[in-house]
Amino acid sequence: MPNRCWKVGDNISTDEVISTQYMTLTDIGELGKHVFEGARPDMAGAISSGDILLAGENMGYGSSREHAPLALKGAGIGAVIACSFARLFYRNCINIGMPVIISPEAVKASEEGDLLSFDLEKGTVANETRHLSFRFEPFPDFINNYLRKGGLVNALNEERENR
Amino acid sequence: MSMTATERILARGAGKRTVKPGDIVDVAVDRAMIHDNNAALVIKSFNLIHDPGVWAPERVYFFIDHHSPSTSPKAVKHHDLMRKFAGKHSIRNFYDCGSGISHVVMLENGFAQPGEIVVGTDSHTTGEGALGSFATGIGATEMAAVLVKGTIWMKVPKTVRINGRGKLPPGSTARDLVNLVLRRFGPDGANYCAVEFGGEAFDRMNLEERTMACVMSMEMGAKNALFVSDEAGAETSVSTVEFEAGSVRPMVAVPSLPTNAVPAEEVEKDMIAVNQAVIASCAGALLGDLKTAAGILKGRTVARGTRLIVIPATRKIYNDALALGYIQALSAAGAIISSPGCGACGGHDAGILAEGEVCISSSTRNMPGRMGTGGTVYLGSSATVAASAITGYITDPRELLPCEGGDSVAE
């Protein structure tokens, strides 16, 4: 099912995704209320569940705060597609079960509000609004497993049970 | 096949003879560091793991450095959670409020030894590579898994060697050279890479300056950073970027990226008034920074309309600075001295900016909102911060060399 997308620029730092003042929050719903509060105050209240965030180069630049992907998840964002990612943000997303897709072509060809869908196993992104489709390098199996299970903790629990 | 320093460390951690860039390996963690900004999320994830236990409590380090002393009812609740968790799981390496910033304390105590694999819930964990470990930041959930398993997957990074030729000229600091490196690479120029510093200019750096360089490597995307001297036989096959230290001038990173470095003398022309000047962080409030600032400020006073905040990185640095007279000189000049910790760097407690205010800081980052919503941050060396605190606007520190009577602290 396609979802609406939101679009932000290059080098979006985790400070911009969720401000330092909310670092003492741990509830993802609460964090979600403050996502992009400074940079895009229009977003938090208007995101629908499953919406996709499009970002430019080096998405998630800066701090290690897992609060940033948690805030996106709490606000309803279902996946992040970017031209490139900063490594900590990228790992944090995978660990909380948030799909992160590297596809500069999809980002450049899409505008905010377009309807997008993606397939992690096949490695495809489709822009349903513009009837375009793009390929990306699928994840290694163990990472897709994290995403299927909803994150690292669930995958680890299953691994420990099967041991 | 010969390997870089980072590859050798990861190969050992993975129990393999060799690894190469791009390999994904499971490595054994030697030390795991968790601080109070992320501990609550770590503990929350840990408790979701079935039948969790800490794999090796003696390898785990807890730090209260972000909200220190406690800054809000929520922050102190997290501190309480950490103390109870540590008690329950026999984690004795507990560095409570006032101990200082994790990375610097780890290095002061020799907890990130050459060849070790160190992970921390802080992006600037890269700083812990200053003694030659592989040190990198990870998120809270991943740390919960490390606490249980003692291992983590890593993609072996490509190595980029940064070679500094020659010596820094008088009046320029190691931070200025590193700011120049950041400008060259940009915010993602070393993404996912291991950064290796070498050449005369870097070989000459002391441990504090090395810590700063490894910390700031994060700002160009480095996965880890360490120093490998030419004599130690650096791999020549890696890509190398050369810098001439002899021509380095004081540099200021203008808003809103730490990599936006321009010469301080250029910024000075704009007469940018500063409401706040900050000497803080794991990259900007080490003993040498306090010495430099005290040397410039001794016998002078902070400008009216500017507040100068000094937050020594660790308790040891604070005590040494007291014994050496730096704190007295800074305080006499009008500085506010705050307790060791991360403080103003992340806008966690001391030193939040009001909307529209401008700050010059020796800390690590200047992205929008970093030091408070609507505030603007310029980054420079502790010398540049001290000089700017005296004039009240962003100033090239070469114009304000230590004045009469400053010699006893500035040597």
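The contact between the two chains takes 41 residues from chain B and 35 residues from chain A, two residues being in contact if their C-beta atoms, placed from the backbone, lie within 7 Å. This is a predicted model, in which local features need pLDDT of at least 70, side-chain atom pairs count only at pLDDT 80 or more, and totals for chains, interfaces and linings use all residues. Residues are numbered from 1 along each chain as its sequence is written, while chains are lettered from A and ligands numbered from 1 in the order in which they are written.

**Side of chain B that touches chain A**
- At least two residues each are supplied by α2 (39–48), α3 (73–88) and α5 (140–149) of chain B; helices are DSSP runs (H or I, at least four residues) numbered from the N terminus.
- This side has 15 nonpolar, 18 polar and 8 charged residues, where Ala, Val, Leu, Ile, Met, Phe, Trp, Tyr, Cys and Pro count as nonpolar, Asp, Glu, Lys and Arg as charged, and the others, Gly among them, as polar.

**Domains of chain B**
- Chain B is divided into domain 1 (5–155), domain 2 (159–247) and domain 3 (252–410), with bounds from an automatic or database domain assignment.
- The C-alpha centres of domains 1 and 3 of chain B lie 29 Å apart.
- In chain B, 16 residues of domain 1 are in contact with 14 residues of domain 3.
- The domain 1 side of this contact in chain B comprises 4 nonpolar, 10 polar and 2 charged residues.

**Arg8(B)**
- Arg8(B) is placed in helix α1 (residues 5–14) of chain B.
- Arg8(B) counts as partly exposed because it has 16 C-beta neighbours inside 10 Å; a residue is buried with 20 or more other C-beta atoms within 10 Å of its own, exposed with 12 or fewer, and partly exposed in between, C-beta atoms being placed from the backbone.
- Arg8(B) and Val148(B) are 140 residues apart in sequence and 25 Å apart in space, C-alpha to C-alpha.
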